Structures are given as C-alpha cells and as structure tokens.
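Student: I have a structure open and would like to go through it by question and answer. Could we take the contact between the chains, then the sheets?

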Amino acid sequence: MIKFFLMVNKQGQTRLSRYYEHVEINKRTMLEAEVIKNCLSRSKDECSFIEYKDFKLVYRQYAALFIVVGIDQTENEMAVYELIHNFVEVLDKYFSRVVSETLNLLCNIFSLSKLW
Amino acid sequence: MPAVSKGDGMRGLAVFISDIRNCKSKEAEIKRINKELANIRSKFKGDKALDGYSKKKYVCKLLFIFLLGHDIDFGHMEAVNLLSSNRYTEKQIGYLFISVLVNSNSELIRLINNAIKNDLASRNPTFMGLALHCIANVGSREMAEAFAGEIPKILVAGDTMDSVKQSAALCLLRLYRTSPDLVPMGDWTSRVVHLLNDQHLGVVTAATSLITTLAQKNPEEFKTSVSLAVSRLSRIVTSASTDLQDYTYYFVPAPWLSVKLLRLLQCYPPPEDPAVRGRLTECLETILNKAQEPPKSKKVQHSNAKNAVLFEAISLIIHHDSEPNLLVRACNQLGQFLQHRETNLRYLALESMCTLASSEFSHEAVKTHIETVINALKTERDVSVRQRAVDLLYAMCDRSNAQQIVAEMLNYLETADYSIREEIVLKVAILAEKYAVDYTWYVDTILNLIRIAGDYVSEEVWYRVIQIVINRDDVQGYAAKTVFEALQAPACHENLVKVGGYILGEFGNLIAGDPRSSPLIQFNLLHSKFHLCSVPTRALLLSTYIKFVNLFPEIKTTIQDVLRSDSQLKNADVELQQRAVEYLRLSTIASTDILATVLEEMPPFPERESSILAKLKKKKGPGTVTDLEEIKKERSSDMNGSAEPASVNASAVSTPSPSADLLGLGAAPVTNSAPPPSSSGSLLVDVFSDSASAVAPLAPGSDDNFASPDLASSEVVSEEPADTVHDADELFHKFVCKNNGVLFENQLLQIGLKSEFRQNLGRMFIFYGNKTSTQFLNFTPTVICSDDLQSSLNLQTKPVDPTVDGGAQVQQVVNIECVSDFMEAPILNIQFRYGGTFQNLSVKLPITLNKFFQPTEMSSQDFFQRWKQLSNPKQEVQNIFKAKHPMDAEITKAKIIGFGSALLEEVDPNPANFVGAGIIHTKTTQIGCLLRLEPNLQAQMYRLTLRTSKEAVSQRLCELLSEQF
C-alpha cells in the first residue's frame, strides 16, 4: 500500500504532498525533511529503495526534482518505481507545453492547476 | 477533465496571483492579501447577489490565500453554495474548497452531505465523480457514517458508468481503511468480486485494490475472487502486447493490474480446484518464461514493468511454497539478477531470495549462490544492498556452510557500516552458537567478535557465551586458555575483560597448572585491567577475585591486600565498597569448607531460548528470517542446549531464587545481610530472566499453602476401600489445565497439590493432611514410575516423617525433570497405619506432558506458515468429540492457557475458533506444537487438531486436551 507521495526539490522544499494515511501536519514537515535528506545523500550507484522506519521509500530523480513514495512492506517496489515514471509521463502529456527540464515549475503549476 | 486554464480563466485570480508573486517582501504580500480579503468580504456581504462566476472566483482566491498559509475564517457558505451549481467548474471549485478546508461545523456538514447526496443521485457521471472524490479526499468517519451504505450500491449497480465505478471502488476502499466497522458487508460483496471480470481494465484495477483489502480481513467472503483473479491474470499474461491498448505500458500488458492480481492471490492458499491451480501455474510459468525472452523494447521502462510483475509472481510462488519446480526456477531467475548491472534489481533479488531460503524446496538452490552473495558483501557500494546480503547469508546458513558464512561476516564486520554492526554481531553470535559442532570454534568466534566490534557486542551476547561455557564442560578449559591469551593484548575491550573475569573466576584452575598462566599471573593480568574499567565490570572483577581466593588459596593474601586497599574499601561507589568489605570479611573469617561452598562453581544454567535471538527479533520485528530460525529450531532440536552433558539436576532447580548475584551470596550465612543486588551488581540478571514467572522464586511450602480455598472448603467425605488405585480420572483431568488443588480426599486423608513448572523442570509440593484426631504411623508415600516412564521422567522425592499427628499435615517435595516426551502418569502410593489397620491407596500423580509447555506468541502469518510445515499426516492428530461442559468461550480460553500453550487471538479467520502455540521442553529435545479447536455450537461438538513435529506428542496432547471441554 502507498502511504504517501511527495515531490520535493533539491533545496528540500516540498512542492506537492499527498498522504493516504493520516499524519499530523507538524509530523508531516518533519517526515518530509527527513525523507528528502535520505534521498539527497544517495549517489547514483545506490538503489532507489530506502528502508525507513517501518516502511520503505521509493524515489526517482527528475532533474532537480525528487519524487518520493512511501510504501509499506508488502508493496512491490519495482511497480511503484515504474508508477512514478508513468505519473511523470502523464503530467507531461497533460501539461503539454511543459518540457521535462522545467518539471520544477510544472510542479508549481500542478498544485495550482486545481485552482483554475 | 477539462484542460487547464483555457477560455474560462478567471482574470481577476490570475492578476491577484501575479501580484502576490511580484511582492518584494513578506510585508507587502500580507498587505496585498489583507486588501484582497477585505474586498472579498465586502463582496460576500454586499447587497448585490453574486453570480456563480464571481462566487467561484472569490472562493478560488480564498483557497489560494489559504494555501499560502493564511487562516480563512469565512467563505465556507459561498463554497457550499457552489456545490449546488450546475456548472462543472463552479461545482469543482466548491468541492475543492470543501476538501481542503473541511470544517466540522455541524450546520455546514449537513448542507455539504446534502449536496453530495444530490450529486450521487444525479446520474450525471461527472457530478457523481466529483462527489465520490470529495468523500474519498475527506475520508473522515463522519463521511463514512453518511455514505458507507450508499457507495456499495453505486459500485455494483448495473447501469453505473465505468468511470464512476472506478471512483466508487476507490472511495469505498478509502472509507474501509479509515473506518472498517462502518462499511457493511452484504449482498454486494459477491457482486464486487465479479467486477474482476469487467470489460474495463480501469474498473478491474480499482476493484482489485478494494477486494484485496477486503479479503485480507474477510477471507471467507471473498474466496470466489481466486478463480476470477486467476482467469483474468491468465488473459492478461497471454495477451499480445497491443491487445490492451491504453493499458499496455511499453509493450508490457497491464503491469500494475497484474501485480495487484498476484497480490490478491497472496491472500489465499494455493487454489484447491486442480483446473484453477493448473491455470495459475501456467500463468506463473509464462511470467518466468517471459523474463528469459529477449526484450520487446530496449527502453528501461519496459524491463522495469516486466520485472515488477516477475517479482510479484515470485512472491506468490514463495507464498504458496508448494511447487518445487517453480520455486527452483524463481531462485535461478533471482540468481541472474544478483549479477545484474542495475542496483535496484540486485537489491530486490537479495531481498526475495532471503524468503526463498526459508522454503525447504529451494533452500539448497539458494545455497548455490553463496559466492555471489559473499562477493556482494565485499563489493556493493550501497549499504542497504550489503545489508540485504547479510540477511541472505544469515537465512541460507546451515551446518554445511556455517563456518564459511561466519568467517565472511566477521571479515565484513571490520569494515561494516556502523548502522548495521550491532545486527551483524547478533547474527554472527546466533549462527556461531547454533551451528557449532566444535565449541572451541564457538568460543573463538565470539572472542573475535568482541575484538573486532566490542562496542557493538551487547550484554546478551557475552551473557550467552558464559552460559554456554558453563553448561558445557568440554569447552571450559579451552575457554579459560583462550580468554587468558586474549587478555594479554595491551588494549582489549571491556567486554572481553568481563568475559575473561567471569570465565577465569570459574575455570581459572583448569589452566593454572601451566606456569605461564599461574594463579598469580592470572590475577595480575586481570587486575592490570581493573582501573580502566567501568563500575559494573569492576564489581564483576571483585567477584572473580573472591572466587580466586577459593580456587587458589596460595594467592589469598595478595588478593586480601588488594581488597583491603583504600581504593577498594573506601571506594566512592557503594556497590564496589560493599563488595570489597564483604569479600574481605568472607575471606578472613570463613573456613575453607564454607568458602568452598559459598564460592562453588556456578551450576549449569537452565536452557532456554537464546536471549540474543530474542534481541534480534525485537530489533527486526517479526521478520521471515528469524521465523525460519524458530522453525528450524523446532524441527531439529539437536542444538547445543538440549543435548547438554552436565545434567541440570534437581538441586539446580531448588537453588533459592536465581539471585542476580554471581555468587549466590544470598545463601551464605556471613553475608546474609547483603542488600538486594543493585543495578550495577546485577550484571547477570538477564541470564536468568526468561519470563517473570520463571524467575519467581518457588514458594517454599508453608502452612498457608494448605489454606487454599479449594482445600479448606472440601468437606466431602467418601468411603474409599483401601488398596485400590484411585484412578479418579475426573480429578486427574482437572489438573491438566491447573497446577494447584485437591488431588484426593477420603475420611482419613486429604492430598493437596501445588506445583510449578518451567522449561523441562518442575517441582511439586504434595500436602498430606490427616483429617482424623489419631496419629498415622509408618506413613510412607512413594512415587512409582513404570519402566517406560522412568526413562523419560526423572522424579526425585524426599522421604517424609513417618508419623503424622492428628489434624496435622506434612509436605513432600517432588523434583521433576522431563527427559523426553511421555504418555503415562506416575502413581503415588501411600501406605500408613491408622488405629491398628493398614491403609494402602494409590492415585495418579498429575504430571502430564503439557506441563512442560512454554507458550509461543506468533502472528497469523507465522502460525499458518508453521501449520503448513507440519502437514505430514503423522504430525497431525484430530479428534471430534461431544462437549462435556457448557461451551463458554471464556472458559475455553482459560483452559487453553492453563494447558500451557499461548492463546493466539486474531489468527484464525473464524473468530469462534481457538488456536494456540507452544513448545514442549524436554531435556533431549524441544517440540513445537500448534493446536486449533473449532467449536460447533449447534451440534455441541468440538473438533480439536494438534500438529507437532512428533506423532506421539500430538497424540498425547490431543488425548489430554480433549478431556477438558
């Protein structure tokens, strides 16, 4: 099961977060900070799965943007890893004028897009 | 959904957002926002009625302000109004506002719920979708209360559009996760299962997620999903890459749906229907075959999606654990991944292989990859991959490769990441103990551990090495010699000093013959470390010194000098000071005999589960790796502990409460005043600790034992003809689930029992009460074991006083050791003279196999895994019988607990059933037992199933327990 979905930039700012399990607001901030710290410190040689507390993080980096998904132990890591890519492709299609280098920007638009 | 911001863009909003973006300072931003808020407030309050568009625009602005982090305290009403608009964009903004700023304001909730209800009933798929999304996004209990009954109807209605069905399934899933109690099961469940057959793959995907979650909690209700899932899966895996159109991802047909279906199947055992089973096996084979085919695309997305399905298929194969062929193929596939250039695949392969190692079918196949795994340990750059490699080595370890694996782990430990060192230390310690054929190897390994990673060697590890050395006399000399040599190193870890101090204190005499390790040299060596050590270690060393006084009288004066020095006698630490004072006194005034008694070698420790294993379990949670250990342990109990040379004799049991003091000083008259051991003194407290009950000192028999209500109230007088075996089965059976009570009573005599058991040892107090006013003469109770029984049960009794005065009671202690499993019960024969007549009677003594139970807690998953492993027909004994007592669940529970096994709640899918688990401890072996009791209230019958690794044990336990209900 997916517990949360985060988009975070290299500066550690959360651009989008979605929780599928209740987490208190102040705990979210802490969680997000730790999660991104974990991802940022990893090199390309390392695998995309991190064991973190009682769950796992699956992450992918697109330019300066990290997409991190928190999953429980029974979830299929590879399926989630590829789901992230699928999601990015969908975003790409949906916001056709946005090219992938500016995903960072896209993300802002995405969170606002609900408003228009 | 409409594309973003075209045509109907709200200009005012765009201007406002760009204004905010252009603000140079925080203050400017706040100023701009306040201006806007005032504007919106005046618009909302104004006389002129606002049209939908303006309302939408202003609500949008409020939402934007809220998302910037400012509080919004108005506008809710306007947002709720938007819900009833007929324009999509207005309704959408209304729902968005509600979802983000949900408010528990009761008035509004009523209005909101009303609007949602209208939309759900609107038959307009877009509106229904919005309403469902809102319910799911809020997902609160209130929402569940209001709509949990409604959504299933929408989900299974024949005329619902696909997109709405999809949303309804996910919405229901969300509500079920937050408030499962509010989602009523009913007719709809069977129809939901049929959504797996739906034409629309989106609906199938959503339904599969929902069904999987529901099936985990209610497996029976969703059993039919298995065959449907198999046929759906089969259609997907055999489809051509273009068949599924939108649901084909880089030439892989519906990868995520396949993963979900495979996960759904993991909620169930292998299908029983051979046709379904065959079809599933075919699917799994196809998936494995595809992994070998050349890729249809060079793109990494293609192989990732393919591998996602493959890994889930392997999980299912492991979960079923029934097809040796598939298991071995899975193992070979993972073996290929172990050398793949992608780190992700290597990581996942190691992880899956770890669970494969626990299957008896694939354990050997996993072992063939040992070199690759060891290589991974050495070369992987990623610590989490290395960690997986360690786990896998641990899982694949058995007697054949233990030396190699332990050596490699020790090697790795020198450079290992700090974060995983402690875990590796525990694993090495466990493997070394478990697979030690030669205990010198074990001692070497643990000392190496301490040398390499002393800081990470927890107390449990060095306690354990001491337990083992003390319990095995063949290794004591070697251990003494080795620690002595290890202590020679100029800088050695404090843990080594502890082990060294303890072992030399006990067995230093074994190496004292060698002039290079003469008593004085041993003492000086230890004392040279003394000042560098912490208080607990120093306390331990002081105990070693006093033990030396006993072992080596020739260095007594040297030791007394040390104890007498100011640094000891006036030490600021009370514990050290007290030890120095008491030991000095003890060595001065006690005679050699007393010293020899007080400072006698420690008796062997009672065997129990390794505390290290317990620690590792705690660290890892209930993981598959450690479970395997358990199972192996239960299957073959040829581990060191049970086949112990130094017998744990009855005197060890009767040692007064296992005090925390190394020397058992509580028993020594001189130091009787010793206060309870302080924390620093209780170095070995954990060695004794098993469970609270095991530590509880055996209450020595005293009069109040006899005052148990059971005994006092029993006034029943019955005529008993002399010289018969009182095979009063009822009374006997009464004791199967309890330990205290009245065993026998007639006009003359009452026999009461009080007993305690732990591991394979027990002690029973028998109280003989003379109910008459005349003396009993020549009173001789004897415990008789048949020849068969004698070899499996050791009983030691002390004779009692042959005269029992009128109205008095005498007590007899029976020390019990269970050597192996047994069937019969011993007989207690009592002969005495009463007023000139000779009385002779016999009763069965309720010492039954189940008394040597240790309860084992385990999760549902573990339980069934083990249950499956004991599926050999000889291991199972089943009995169906009529209830003899009212069928009360609470009483049944109490009886199962009294029987000695753990009562496992929430394990059996049927809550009316009872399941239990435990281990029977005998001296020679340990036998894991699982039991399941299924009551049938209507028929007033029970079905009892026992599975243990030994047929005779299953049989006996089943007999005993069947009599209880």
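This is a predicted model: local features need pLDDT of at least 70, side-chain atom pairs count only at pLDDT 80 or more; totals for chains, interfaces and linings use all residues.

Student: Which element gives the largest share of the side of chain B that touches chain A?

Tutor: Several helices of chain B give two or more residues to that side, including α1 (11-22), α10 (162-178) and α16 (300-320). The largest share is 7 residues. The element that supplies this share is α16(B).

Student: How do the residues of that side of chain B divide into nonpolar, polar and charged?

Tutor: The contact takes 40 residues from chain B and 32 residues from chain A. On the side of chain B, they divide into 22 nonpolar, 9 polar and 9 charged.

Student: How much area do chain B and chain A bury between them?

Tutor: Carbon and sulfur atoms account for 54% of the buried area. The area that chain B and chain A bury between them is about 3,200 Å².

Student: How far apart are the closest N and O atoms of B:R381 and A:D45?

Tutor: There are 5 salt bridges between chain B and chain A. B:R381 and A:D45 form a salt bridge, for which N and O atoms must lie within 4 Å. Their closest N and O atoms are 2.4 Å apart.

Student: Which residue stands opposite A:E51?

Tutor: β3(A) is joined by 4 bridges to β4 (residues 55-62) of chain A, and the two run antiparallel. The residue opposite A:E51 lies in β4(A), and is A:K56.

Student: Which strands are at the edges of the sheet in chain B?

Tutor: That open sheet has 5 antiparallel strands in the order β4-β5-β6-β9-β8. An edge strand here pairs on one side only. The edge strands of chain B are β4 (740-745) and β8 (793-797).

Student: What is the bridge partner of B:S755?

Tutor: Strand β5 (residues 749-758) and strand β6 (residues 761-770) of chain B run antiparallel and are joined by 10 bridges. The partner of B:S755 is in β6(B), and is B:M764.

Conventions: Residues are numbered from 1 along each chain as its sequence is written. Chains are lettered from A and ligands numbered from 1 in the order in which they are written. Side-chain values use heavy atoms; hydrogens and water are left out. Two strands pair if DSSP finds at least two bridges between them. Contact means heavy atoms within 4.5 Å. Buried area is the accessible area (1.4 Å probe) that two parts lose on being put together, summed over both. A salt bridge is a side-chain nitrogen of Lys or Arg within 4 Å of a carboxyl oxygen of Asp or Glu. Ala, Val, Leu, Ile, Met, Phe, Trp, Tyr, Cys and Pro count as nonpolar, Asp, Glu, Lys and Arg as charged, and the others, Gly among them, as polar.
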